[in-house]
Amino acid sequence: MKKWFWFLLIPVVCLFFSFSFQTSTYAVSNQPIHWGFSKGKNGQQAEAGKAYDEALKKYGGVYKGNPHDKVLYLTFDNGYENGYTAKILDVLKEEKVPALFFVTGHYLKSEPDLVKRMVKEGHIIGNHSWGHPDFTQVSDEKLREELEKVKTETKRITGQKEMKYLRPPRGVFSERTLQLAKQEGYIDVLWSLAYYDWDINRQQGTQYAYDNIMKQLHPGAIMLLHTVSKDNANALQKVIQDAKKQGYKFKSMDDFMKKEHPATQEKD
């Protein structure tokens with residue numbers, strides 16, 4: 001009788017510890033949040049809504065800056081190279097505009113010279129994960145590994161000692177991933193200006209890119225562009241020049257954190 005009792009009890013004990021582990025691992029919600037917002041227009045800021053605003057604020061995430069300062073923050077996602085990043089870097093250098101490039105493991109492995117150039121010319125490298133997974137679908141351990149590999153390889157290639165900005169792949173995150181990123185020393189950087197630019201088979205011309213970017217300009221905008229886009233590469237210089245004519249200044253994400261989002265600097 002005793003043998004049968006213990007035989008039956010073992011699965012129950014295992015189930016208990018398994019349940020306890022899972023609930024402690026996901027102490028906060030892992031419900032996926034797919035980033036989105038009402039686009040800015042006529043100089044008015046984009047709005048993601050109260051729920052998204054509060055979720056980011058709780059963990060120090062950002063997507064736009066001061067609504068009263070005509071400042072723009074230019075960011076690029078670099079998942080892979082399509083032949084246009086060098087041209088984009090040329091424009092940034094000529095116009096003296098800083099940018100934040102979010103890179104993946106694939107980009108680091110395939111384009112180390114371009115990554116070196118980014119840092120050499122004063123830009124910041126951010127973390128876009130090693131393999132571009134949906135963060136909400138991987139374990140805490142896997143997510144940490146994804147981030148650490150990008151940070152380590154970037155340091156090896158460029159000498160950039162610090163990596164503090166993170167952009168979740170596909171703009172998908174959860175309260176759990178925000179919390180974990182903060183624990184790992186990262187600031188989630190979303191965006192308040194973007195358009196459908198990442199599909200290389202649906203490029204619609206320089207004017208299309210220019211119009212879509214310019215009509216969304218607003219004070220404090222964190223701009224997301226993809227370097228795979230031919231349209232972006234061709235439109236970027238005119239976008240920058242005409243934004244400057246409208247009174248906008250381009251500043252780095254480090255400047256954003258120091259001047260516009262001081263709460264993220266409390267630990268520094």
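Me: Is K58 buried or exposed?
Reply: K58 is exposed, with a relative accessible area of 53%. Buried means under 20% relative accessible area, exposed over 50% and partly exposed in between (1.4 Å probe, protein chains only). Before we go on: this is a predicted model, where local features need pLDDT of at least 70, side-chain atom pairs count only at pLDDT 80 or more, and totals for chains, interfaces and linings use all residues. Residues are numbered from 1 along each chain as its sequence is written, and side-chain values use heavy atoms, leaving out hydrogens and water.

Me: What does K58 form a salt bridge with?
Reply: With E175, the closest N and O atoms being 2.7 Å apart. A salt bridge here is a side-chain nitrogen of Lys or Arg within 4 Å of a carboxyl oxygen of Asp or Glu. K58 sits in helix α2 (residues 50-58) and E175 in helix α7 (residues 175-183), so the pair links distant parts of the chain, 117 residues apart. Helices (H or I, at least four residues) are DSSP runs, numbered from the N terminus. E175 counts as partly exposed, at 22% relative accessibility.

Me: How many salt bridges are there in the whole structure?
Reply: A search finds 15. One of them joins R117 and D90, with the closest N and O atoms 2.5 Å apart. R117 lies in helix α5 (residues 112-120) and D90 in helix α3 (residues 85-95), so they tie together parts 27 residues apart in sequence.

Me: Which residues are in a network with D90?
Reply: D90, R117 and E121 are linked in a network of salt bridges.

Me: OK, new topic. How many residues has the largest nonpolar core?
Reply: It has 47 residues, and F76, L92, M223 and L236 have the most contacts inside it. A nonpolar core is a set of buried Ala, Val, Leu, Ile, Met, Phe, Trp, Tyr and Cys residues joined through side-chain atoms within 4.5 Å. Helix α9 (residues 230-245) gives the largest share of this core, six residues.

Me: And what is L92 in contact with?
Reply: Leaving aside neighbours within four places in sequence, its contacts (heavy atoms within 4.5 Å) include L74, F76, L236 and I240.

Me: Last one: what's the average pLDDT?
Reply: The protein averages 90, and 87% of the residues score at least 70. pLDDT is the predictor's confidence in each residue, from 0 to 100. Over residues 1-24 the pLDDT is below 50, and beyond near neighbours in sequence this stretch has zero contacts in the model.

Conventions: Helices (H or I, at least four residues) and strands (E, at least two) are DSSP runs, numbered from the N terminus.
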